[in-house]
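Work through the two exercises below. Try each task before you read its solution.

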Amino acid sequence: MARVAVVSGGSRGIGAAISKGLHAAGYKVAATYAGNDEAAANFKAETGIPVYKWDVSNYKECAEGLKKVGDDLGPIEILINNAGITRDTMFHKMTPEQWFDVINTNLNSLFNMTRPVIEGMRERGFGRIVNISSINGQKGQMGQTNYTASKAGDIGFTKSLAQENAGKGITVNAVCPGYIATDMVKAVPKEVLEKSVLPLIPLRRLGEPEEVARVVVFLVAEESGFITGSTLSVNGGQYMI
Ligand SMILES: NC(=O)c1ccc[n+]([C@@H]2O[C@H](COP(=O)([O-])OP(=O)(O)OC[C@H]3O[C@@H](n4cnc5c(N)ncnc54)[C@H](OP(=O)(O)O)[C@@H]3O)[C@@H](O)[C@H]2O)c1
């Protein structure tokens, strides 16, 4: 029986590439999204992968949504916490809303999405959880105190959860993409990208979403069971840790 995988924010950008990569590898995939119905409908029509709409920053919606996925497709054995947002600004200009939106979507979502599925994974003795963090959670980034705090938090969460569940057949890993060509990065002005970002990347290009998806497909494989608590970089050599 194909294992069931949930990809949050799985209808666009890196998440869409992850959903497609897992689907191609034979998993039963459910892709979640927040509000872009058109992108989700196009994604579903193109791939045949079912989409589910809920807000990862809301615990009740996550618990109910994940139950529905389980009822529709079967027990959730693979969880990819990918959904994320940016609200960039210097800290001295940051509003409480910009801070809490990012922390709730990028960090508190890991509790909201993982808590409802972890007990089932422990009972069944198998689970794969991959959290999409960021290079900027590793190194810090001006104008992103909210985002980098959330992404560094994702890494701490990964390591603790990996330790707690190592004896239960569950692996928990973090992936840290560098600058990847998605809508999120297209929001960065072109001249900033060309003058300030690309010169910092030894490969002198943005990454492709499929290059992140490849790592996720590798981590969730049965054969990757000895890899847990790790943080894998996919950043074109921009930050070596
Ligand atoms: N792109 C990069 O260079 C880069 C680098 C490092 C890390 N990352 C991380 O990689 C992940 C994906 O980034 P991306 O560039 O692919 O982003 P993206 O193109 O902006 O797509 C974000 C996805 O997350 C969903 N989402 C956002 N807020 C949500 C919420 N509250 N509840 C449920 N779903 C929500 C969106 O749903 P809708 O379609 O409904 O809006 C969309 O499917 C993020 O965690 C990001 O921080 C990205």
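**Exercise 1: Ser230**

The side chains of Ser230 and Asn173 are joined by a polar contact of 2.7 Å. (A polar contact is a pair of N or O atoms within 3.5 Å; within protein, one must be able to donate a hydrogen and the other to accept it, and residues adjacent in sequence count only if both atoms are side-chain atoms.) This is a predicted model: local features need pLDDT of at least 70, side-chain atom pairs count only at pLDDT 80 or more, and totals for chains, interfaces and linings use all residues. Residues are numbered from 1 along each chain as its sequence is written, and side-chain values use heavy atoms, with hydrogens and water left out.

Step 1. Ser230 sits in the loop between helix 9 (209-220) and strand 7 (231-234). (Helices, H or I, of at least four residues and strands, E, of at least two are DSSP runs, numbered from the N terminus.)

**Exercise 2: the largest cavity**

Task: find which element gives the largest share of the lining of the largest cavity.

Step 1. The largest cavity holds about 50 Å³ of space.

Step 2. Its lining has 13 residues; Asn81, Asn82, Ala83, Ser109 and Leu110 lie nearest the centre. (On a 1 Å grid over the protein atoms alone, a cavity is a set of points where a 1.4 Å probe fits but cannot get out; lining residues have an atom within 4 Å of a point.)

Step 3. Helix 4 gives the largest share, five residues.

Definitions and conventions: 1 Å grid on protein atoms, 1.4 Å probe; cavity = no way out; pocket = protein on both sides within 12 Å on 5 of 7 lines; lining within 4 Å. Points joined across faces, edges and corners; volume = space filled by probe spheres on them.
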